[in-house]
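I opened the model to look up two things.

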Amino acid sequence: MNRLIFASIAIMAVYFLIMGIVFPDTMSLTEKKITSPFFVTSLDNQSISSGESIDLIIDSGVTGGDSDMLILIIGFPDAKSFDEIKIKSSQFTQSPKFFEIGDEVKTYYPSDFKIADYPLLHIFNMPNPINKKPILQLEIFPENLGEFRIFTKAKSAPFTVDSIFPKGGSVDEDNEFVEKKVIIVE
Amino acid sequence: MSDQISEIKENIPFWKIVIPYIVLGMGVVLVTGAGSWDITNHILNKPESFFAEPHIILYAGVIVSISGFVGLFLPIKNKNIFNLKFPKLFSGLGIFLLIIAGPLDFWWHDTYGLDGLLSPTHLVLMTGMLFTSIASVIGIIRIENKLKRKTGIILQGLIFTGVWFSLTGFAHSFSLPFSKTDYFDFNPEPTFAAIFATIVYPIVMAFILISSSKVNPGRFGYLSTTGAFYILIMILSALLPNPVLVDAIPFYLLNLVPFVLADVIINKSKIKKSHYIAGAIVGSSFIFSYFPLITYTYNEVMFHRLVWPSMIPLIYSEFIVVIFPLLIACGAVSSLIGTIIAVKVSRRIIL
C-alpha cells in the first residue's frame, strides 16, 4: 500500500512538472504572429457627373503569416447615409457592419471611434490566412456635387504596431492614418 | 420464488432492453461533442451558418437520442423488474427540452441576432442534454445490475462522457466570457468566473469519474476509459480544429495519467476510502484537462487581454506557471465535494 502511495506521489509530481512547467514552456515558444495588412484601392475615374455611380475596388491581404482577423475600415465623410454606397461584390466571409451617422461604433479593436460622424463600413475576415487576398467592390452614388472623400484603413489581428495600414497619409477621427481617395462630382 | 425471478431474468434479452438507453446516451455524446466543436469554431470566428458541420452533428445527435427514447417503449416481457420508471421519465423530460430548444433557439437568433454561450435557450438545450444523458446512465446501470451483465467499458465510458460534457456546458456558461452580444451582456464577472471555475470544474471531474468507477465496483478500466473518451473528444473538437494548438496534443494526452492512476487507486488498492484520494488526483488536474478554454477564464481576471485564437498558447503559458500550484491544491480540495456526491449518487443508481 505504501509503495502505491509513494509511486502515485512520484507519478503525479512528474505529471505536474511536465504539465505545469514543460508544457507552458513549450507553448511559450509558439511564434507570436506579427502580421501586417495591406490593400490597394482603385477607382474607375477620378471624376463623375452628378447622378452617375462609380466603382471602388479594394484588393487586400496580410503579410507575415496567417492572421486571426483582417478588417477593412472604410469611412465616407461626404456621404449622408449608406444609400450612397452599395457592396457590389465581396470576398470577405463575415457579415459587414454598417454604421450610419450617430450609430455607436462597436469594434473588434481598441478604438476611440465611439459614435459614427459619417457612414462607416467594417468588413472583415476571421481568420485570414496569408494566401487569402479578399477583394471588395463598392458602387458609390454620390448625392452632392463637389468632393466625395473615401477613407480606407486596414488592421490585422493580433494587434501590434505593425498591424495597421497605411503607415502615413491623412488622419481619421481615431487619430490613425487612412488612405484618402477623392471623387469629384461635377 | 427466486428461481422464478432468475428464470425471468434469463429470458429477458439484455441487449434488446439496454440498446435504447445506449442510443439515448450516444445521441447526447454527439450533441455535446458537436457543441464543443461549435465553441471552437466561434473562438476561431469561423463564419456561421445553420448547416455548419458542428450544427449538423448536433441535430443528428438529437435525432439519435429521440430514436433511443422511442426504443424505450418497445414491448418487452417482464420489463417492470428493472425499476426504470425514473430514467424513462427523466429521459422524456430531457428529450422534450432538446426538441423545444431548437425552435426556441431559432426564435432567439431571429429576435436578438447571434447569441452568446449563456442564453436562456442554450440553458434549455444543456438541461435537455443533462437529463437525457443521466437517464441513459441510470437505465444502463440498473439493467446491467439486474441481469448481472455488462455493456462494456467502451460503451459505458462514452455514455459517461456525455454526462461530463453536459455538466461542463453549464460550467462553461458561468465561467467563460463568451456571452456578450449586441443585445445582452451575460458574461460572468471575471473574479466570480475564476472562483467558480476553480471550484466547479474539479467537482464535475471527480463526480463523473468517481461515479463511473463506483457504479462498477472493483472493476478497473471504467474510470480510465471515461477519461480517455473525454480527452479524445477534446482533442477532436477543441485542439485539432485550431492549428496553433496541434502541438499541444502530445501534452494533452498526458492527462490520461491522473485518470489511470485514480482508477488503480480506487480499484486495485486496499486503501480505505480510496475514492477520496482518486477524486483528489483527478480534481487536481482540472487546470490541464480544461485547456484551452480555461485560458479565457483566468485571462479575464489576470490580464484582461483580447485572446485571439493564435494567442491562446502564449497567454496560457504566461498564467499557468504562476498559478498552477495553487490551482492544483484548490482542485484537490474541491474534488471532495464531487467525490461525496458521486458516492451518494452511485448508491442510488445501483439500488
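**Interface of chains A and B**

I looked for salt bridges (a side-chain nitrogen of Lys or Arg within 4 Å of a carboxyl oxygen of Asp or Glu) between chain B and chain A and the count is 0. This is a predicted model, in which local features need pLDDT of at least 70 and side-chain atom pairs count only at pLDDT 80 or more, while totals for chains, interfaces and linings use all residues. Residues are numbered from 1 along each chain as its sequence is written, chains are lettered from A in the order in which they are written, and side-chain values use heavy atoms, with hydrogens and water left out.

I then counted polar contacts (a pair of N or O atoms within 3.5 Å, one able to donate a hydrogen and the other to accept it; residues adjacent in sequence count only if both atoms are side-chain atoms) and found 2 residue pairs between chain B and chain A, both at pLDDT 80 or more. On the side of chain B that touches chain A, α14(B) gives the most, with 8 residues.

I noted the buried area (accessible area, 1.4 Å probe, lost on putting two parts together, summed over both): about 3000 Å² between chain B and chain A, 79% of it on carbon and sulfur atoms.

**Helix pair in chain B**

How values were computed
Helix = DSSP H or I, 4+ residues; strand = E, 2+ residues; numbered from the N terminus.
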